[in-house]
Protein chains: 2
Amino acid sequence: MGTKPSGPRGRPRGFDADEALERAMLVFWEHGYEGASLACLTGAMGISTTSMYAAFGNKQELFRKALDRYITGPSGYLVRALREPTALGVAGAILAGTIRNTTRPAHPHGCLGVQAALAAGDSGQEARDLLIAWRDDGNSWIRERFQRAVDEGDLPPEADPGLLARYIVTLAHGIAVQAASNVPRDELQRLADAALRGWPLS
Amino acid sequence: MGTKPSGPRGRPRGFDADEALERAMLVFWEHGYEGASLACLTGAMGISTTSMYAAFGNKQELFRKALDRYITGPSGYLVRALREPTALGVAGAILAGTIRNTTRPAHPHGCLGVQAALAAGDSGQEARDLLIAWRDDGNSWIRERFQRAVDEGDLPPEADPGLLARYIVTLAHGIAVQAASNVPRDELQRLADAALRGWPLS
DNA sequence: CGAATTCTGTAGCGATTGATGCAGAATGGA
DNA sequence: TCCATTCTGCATCAATCGCTACAGAATTCG
């Protein structure tokens, strides 16, 4: 008595929602939440405003979904980096991933999570708070990973996981700003290597 | 035969241009270039749009002048820090100044130079380029100061002034992002202290 | 005084903002 | 076939955007 696999009723979509969301993400990445107008977004997505509202709700929800896509896509290196076996490996992978992600030739420079809504007007406050929460999550995950490293003896017992996490996050966000200023990738990688030379901050 | 000290002709201004510019700077600082609407700006400045245009030109020129005021005012710690006697003193003063400036209780959190136009739409590209140029200037000044330190023997001859400058600038910009995320001042200061513990990056 | 000059307030400009109403087109189910 | 459902394109909405025209108010100069 299985339910019949009835297909979706009504007229089917004339576009690929996944690809449209990818394009929207890139626009938000490059121009920020408020800097990305509906006309700019729908133009890049290749659909009309009506289709966008039908498929994604409104601009804020579109941004939310674009951010989700960014987190699991271009920024997916973060959770992967947390699975590195050592704290130093985690730190190095985070910085290397940040540099790769923020200086991709075919992508906007910088990090969507940093530059899409650092400061905003009234309409962008929700997006700004969303990004603040995500950045805070990132710091917490790294801190907890470093705490585990202390518990496991990978980091010395006197190491401060919160301090080390804040150090890595600060470097990553700083790197994102440098990348948005068009600082070349190799210079950033040299910086990251040097910044981890004294790990774990004596 | 001195020229007569003729006062300004015409109706005098009904407001203090300096204080109005200060208010505008704070609005740009908090909301960014595009996020600061004319209504928001003139409201905070306490003048009408007509008076703003008569006194400052247009929104872009107002931003330029507000940025000048920011550079010599709240961000004046930078050039002062460059006059510290040692490279380590310079680095510490820059980070401490950044932390103080980006976490002032009565001011917007973060750094205007970082968050006012990291990403922008069409109308904000000029402001974005202006800030990129200023951030690049800051890096150059610090690099030259560290080069001098190498020449004077304050830094070891094998030290890389460009790398050290990029390290400090990256930390400062990262700190600005943390401050915009409401990370408390004392945590940032502990981070700065730790980040300079291995100076000059072994 | 009158003339010239400069600033202020109101009112409004054209353009763009995010968001919708509506009719028609395209599908599945009965 | 006919209906219900869903998507699309066109036109448009009210609000806000940055900006300005215009007339009057306030000053200096002659």
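A phosphate oxygen of DNA strand C sits 2.6 Å from a polar backbone atom of Leu38(A). This is a predicted model: local features need pLDDT of at least 70, side-chain atom pairs count only at pLDDT 80 or more, and totals for chains, interfaces and linings use all residues. Residues are numbered from 1 along each chain as its sequence is written, chains are lettered from A and ligands numbered from 1 in the order in which they are written, and side-chain values use heavy atoms, with hydrogens and water left out.

**DNA strand C**

- DNA strand C is surrounded by 23 residues, counting a residue as near when one of its heavy atoms lies within 4 Å of the strand.
- The closest are Leu38(A), Tyr53(A), Lys59(A), Arg9(B) and Gly14(B).
- Of the atoms of DNA strand C that come within 4 Å of the protein, 69% belong to sugar and phosphate.
- The side chain of Tyr53(A) places an N or O atom 2.5 Å from a phosphate oxygen of DNA strand C.
- The side chain of Arg11(A) has an N or O atom 3.3 Å from a base nitrogen of DNA strand C.
- α3 (49-56) of chain A and α3 (49-56) of chain B each supply at least two residues of the surface near DNA strand C; helices are DSSP runs (H or I, at least four residues), numbered from the N terminus.
- With three residues, α3(A) gives the largest share of that surface.
- The surface near DNA strand C has seven nonpolar, 11 polar and five charged residues. Here Ala, Val, Leu, Ile, Met, Phe, Trp, Tyr, Cys and Pro count as nonpolar, Asp, Glu, Lys and Arg as charged, and the others, Gly among them, as polar.

**DNA strand D**

- DNA strand D is surrounded by 24 residues, and the closest are Arg9(A), Gly14(A), Thr50(A), Leu38(B) and Tyr53(B).
- Sugar and phosphate make up 70% of the atoms of DNA strand D that come within 4 Å of the protein.
- A phosphate oxygen of DNA strand D lies 2.7 Å from a backbone N or O atom of Leu38(B).
- Another entry is Lys59(B), with a side-chain N or O atom 2.8 Å from a phosphate oxygen of DNA strand D.
- On the base side, a backbone N or O atom of Gly10(B) is 3.5 Å from a base oxygen of DNA strand D.
- The largest share of the surface near DNA strand D is three residues, from α3(B).
- That surface has seven nonpolar, 11 polar and six charged residues.

**Relation of chains A and B**

- Chain B superposes on chain A (RMSD 0.1 Å) by a rotation of 180° with 0.0 Å of shift along its axis.
- In chain B, the C-alpha of Gly174(B) is nearest the axis, 1.9 Å from it.
- The copies meet through the same surface, because 100% of the interface residues of chain B are also interface residues in chain A.

**Domains of chain A**

- Chain A has domain 1 (15-73) and domain 2 (74-196), with bounds from an automatic or database domain assignment.
- Their centres, taken over C-alpha atoms, are 24 Å apart.
- In chain A, 17 residues of domain 1 are in contact with 24 residues of domain 2 (heavy atoms within 4.5 Å).
- The two domains of chain A bury about 1800 Å² between them, 65% of it on carbon and sulfur atoms. Buried area is the accessible area (1.4 Å probe) that two parts lose on being put together, summed over both.
- Trp29(A), Glu34(A) and Tyr70(A) lose the most area in domain 1 of chain A to domain 2, together 38% of what that side buries.

How values were computed: A polar contact is a pair of N or O atoms within 3.5 Å; within protein, one must be able to donate a hydrogen and the other to accept it, and residues adjacent in sequence count only if both atoms are side-chain atoms. Copies are superposed by least squares on the C-alpha atoms of residues with pLDDT of at least 70 in both.
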